[in-house]
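Colleague: Could you take me through one salt-bridged spot in this model, and then show me what surrounds that part of the chain? I'd like a close look at a single residue to begin with.

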Amino acid sequence: MQIHYFQSPIGILRLATEGDYLVEIRFSGKNEENTAGHPVLDRAAEQLSEYFVGARTEFDLPLKPEGSDFQKKVWDSLLTIRYGSTLTYMDLAKKLGDKNVIRAAGRANGQNPIPIIIPCHRVVGSNGHLTGYSGGIERKRWLLQHEGALLL
């Protein structure tokens, strides 16, 4: 596993690869020394930099999140939520083909190992309120405001 620590406007992000795939982004409280350069990590850092300055609205990276088949189905669905848009948890469940999987879809959304790039922050409560986010509600609010999806 190769690791890169990336300083972003919402804190330090720990990026990790397995082979030729980005497998993880975690919010980190520390900025440790980066391992030697890795093409996927370099591209991820470059694309995240572009995203945070408003020059990128889509990511083009090889992703390989670890999870169950259902989780991967949820995460694939999250990738279809356009920049600047949001979706409710109920909409996500319906998009998956069954409104009864709303809780399971919400759980899978919260277990997304590659936040920001797999945009779990774009899923909101049915009343439009911000609900859980692995990086905390303030980071979710910042990301949605940055994308123009949240005006308050």
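What does Arg141 count as at 28% relative accessibility?

Modeller: Happy to! Arg141 counts as partly exposed at 28% relative accessibility, in a scheme where buried is under 20%, exposed is over 50% and partly exposed is in between (1.4 Å probe, protein chains only). Bear in mind that this is a predicted model, where local features need pLDDT of at least 70 and side-chain atom pairs need 80 or more, while totals for chains, interfaces and linings use all residues. Numbering runs from 1 along each chain as its sequence is written, and side-chain values use heavy atoms, without hydrogens or water.

The partner of Arg141 is Glu138, and their side chains meet in a salt bridge at 3.5 Å, N to O (Lys or Arg side-chain nitrogen within 4 Å of an Asp or Glu carboxyl oxygen). Both residues sit in helix H5, three residues apart, or about one turn of the helix (helices are DSSP runs of H or I, at least four residues, and strands runs of E, at least two, numbered from the N terminus). Residues three or four places apart point the same way, because an α-helix has 3.6 residues a turn. Glu138 is exposed, with a relative accessible area of 56%.

The whole structure holds six aromatic pairs (Phe, Tyr or six-membered Trp rings with centres within 6.5 Å; planes under 30 degrees apart are stacked, over 60 edge-to-face, the rest tilted). In one of them, the rings of Phe52 and Trp142 lie 5.8 Å apart between centres with their planes at 50°, so this pair is tilted. Phe52 belongs to helix H1 (residues 39–52) and Trp142 to helix H5 (residues 137–146), so the pair ties together parts 90 residues apart in sequence. Trp142 is partly exposed, at a relative accessible area of 28%, whereas Phe52 is buried at 10%.

Phe52 has another aromatic partner in Tyr51: that pair is edge-to-face, 5.1 Å centre to centre with 75° between the planes. Tyr51 is buried, as is Phe52. Together with Phe6, Phe59, Tyr83 and Trp142, these two residues form one aromatic cluster.

Glu50 is partly exposed, with a relative accessible area of 23%.

In total there are five salt bridges. One of them joins Glu24 to Arg14, whose closest N and O atoms are 2.4 Å apart. Glu24 lies in strand E3 and Arg14 in strand E2, so the pair ties together parts 10 residues apart in sequence. Glu24 is buried, with a relative accessible area of 18%, while Arg14 is partly exposed at 23%.

These strands belong to an open, antiparallel sheet of three, in the order E1-E2-E3 (strands pair if DSSP finds at least two bridges between them). E1 (2–8) and E3 (21–28) are the edge strands, each pairing on one side only. E1 joins E2 (residues 11–18) over seven bridges, and E2 joins E3 over seven bridges. Ala16 in E2 stands opposite Ile3, and its bridge partner in E3 is Glu24. The E2–E3 hairpin has two residues between its strands, and Gly19 in the turn has a positive phi of about 60°. E3 is mostly covered, with six of its eight residues buried.
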